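Hi,

Here is the structure I promised to pass on. Have a look at it first, and then read my notes below.

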Amino acid sequence: MAFEPPQRLVRALGEDDEWLTRLPGTVQEAVDRRKLHVERAVAPGGRSSLVLLVRQPDGTPAALKLVPPSAAPGLERAALEQWNGWGAVQLLDTATDDGLLLERLHPEVSLRSLPEAKALLEAAGTVRRLWVEPPVGHGFETVAQRTGRQAEAMRNSDEPLVAAALAVRDELVTLAPEELLLHGNFRQGKVLSGDRAPWLVVGPEPLVGERAYDLARLVRDRVEDLVASAAGASAARRRVNKLADSLDVDRERLRAWTLFRAVESGTRAVAAGRRAEGELALEFAGWL
């Protein structure tokens with residue numbers, strides 16, 4: 001099968017990445033095992049996975065997602081199994097390889113296609129469905145564990161906001177108010193239009209912790225529009241309060257997690273050479 005990975009994925013992983021080098025053969029094996037017919041790859045696609053639009057042997061449309069082992073596809077599978085289609089894309093098979101056979105959504109239509117106020121309303125209604133008790137004996141990491149690793153990496157940054165972000169993180173993890181299954185990377189672009197339900201979540205990076213952590217990335221959505229606005233700072237603070245109130249989340253904990261996650265994302269982007277992206281996140285963090 002002739003196959004060319006999307007350039008966005010190639011740029012993110014690097015042309016010499018071992019998984020990327022093996023990807024054509026991995027695709028062939030996953031397709032043959034499931035007897036799928038490949039229509040096309042989703043482009044531009046993501047930075048850490050390949051999604052192919054396929055048809056199953058009976059002609060039913062589906063999507064095949066291939067993920068490097070480093071991205072823990074087994075944990076994504078476990079989260080999707082736990083949600084079982086409730087608010088999230090439905091897992092269609094029980095294979096244990098690095099491929100996930102998923103129901104076909106509409107990858108070109110996400111919540112980002114809606115006006116901001118409507119998008120935030122739909123996002124809040126969608127993410128609340130995901131916050132369930134984790135399965136007994138789960139292998140998901142906790143918010144404290146994930147942010148602990150991130151905090152260690154941040155200590156090498158000379159950004160003035162880093163000290164504030166680390167301080168609030170240490171305070172937040174001292175007493176976590178709840179332990180729920182979280183998406184981990186929830187934002188408008190992760191909510192796609194579907195046929196079974198109007199909006200369904202994709203691409204979890206699941207972990208266990210409090211809801212405020214899961215909402216914090218959503219607060220920063222469309223940051224470029226906020227930065228371009230003369231009222232961006234006040235709009236950002238209003239967004240924190242509106243989302244917190246609509247989902248019965250503590251305002252201050254959401255503000256604090258939003259600060260930490262924005263600074264972490266900004267410093268990581270700057271370190272990776274994505275300076276414009278990083279500076280946007282850090283400017284946003286400064287408003288909080």
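Before the notes, one definition: two strands count as paired if DSSP finds at least two bridges between them. Also keep in mind that this is a predicted model.

With that in hand, take strand β7, residues 191-193. Three bridges tie β7 to β8, and the two run antiparallel. Within that pairing, L192 sits opposite L200 of β8. In general, strands of a sheet pair through backbone hydrogen bonds, in either a parallel or an antiparallel way.

Zooming out, β7 and β8 belong to an open sheet of three strands, ordered β5-β7-β8 and paired antiparallel. Which strands stand at the edges? They are β5 (106-110) and β8 (199-201); each has a single partner strand, so one side of each has no neighbour in the sheet. From one strand to the next, the twist averages 55 degrees.

As a rule, nonpolar side chains in soluble globular proteins tend to be buried together. Here the largest nonpolar core has 66 residues, and the members that touch the most others are L215, L254, W257, V263 and F284. Helix α10 (residues 251-271) is the top contributor to this core, giving seven residues. If you click on F284, you'll find that it touches V219, R220, V223, L226, A236, T258 and A262, leaving aside residues up to four places away in sequence. There is also a second, separate core of 16 residues, with L9, L20, L50 and L64 among them.

The structure has three aromatic pairs. In one of them, the ring centres of W257 and F260 are 5.9 Å apart with the planes at 85 degrees, and since over 60 degrees counts as edge-to-face, that is what this pair is. Both residues are in helix α10, three residues apart, or about one turn of the helix. Are they buried or exposed? W257 is buried, and F260 is buried too.

Cheers

Notes
Residues numbered from 1 in each chain as written. Predicted model: local features only at pLDDT ≥ 70, side-chain atom pairs only at ≥ 80, totals over all residues. Heavy atoms only, no water. Helix = DSSP H or I, 4+ residues; strand = E, 2+ residues; numbered from the N terminus. Axes fitted to C-alpha atoms, helices over the stretch in contact; angles between N-to-C directions. Core = buried A, V, L, I, M, F, W, Y, C linked by side-chain atoms within 4.5 Å. Buried < 20%, exposed > 50% of the residue type's maximum accessible area, 1.4 Å probe, protein only. Contact = heavy atoms within 4.5 Å. Phe/Tyr/Trp six-rings, centres within 6.5 Å; stacked < 30°, edge-to-face > 60°.
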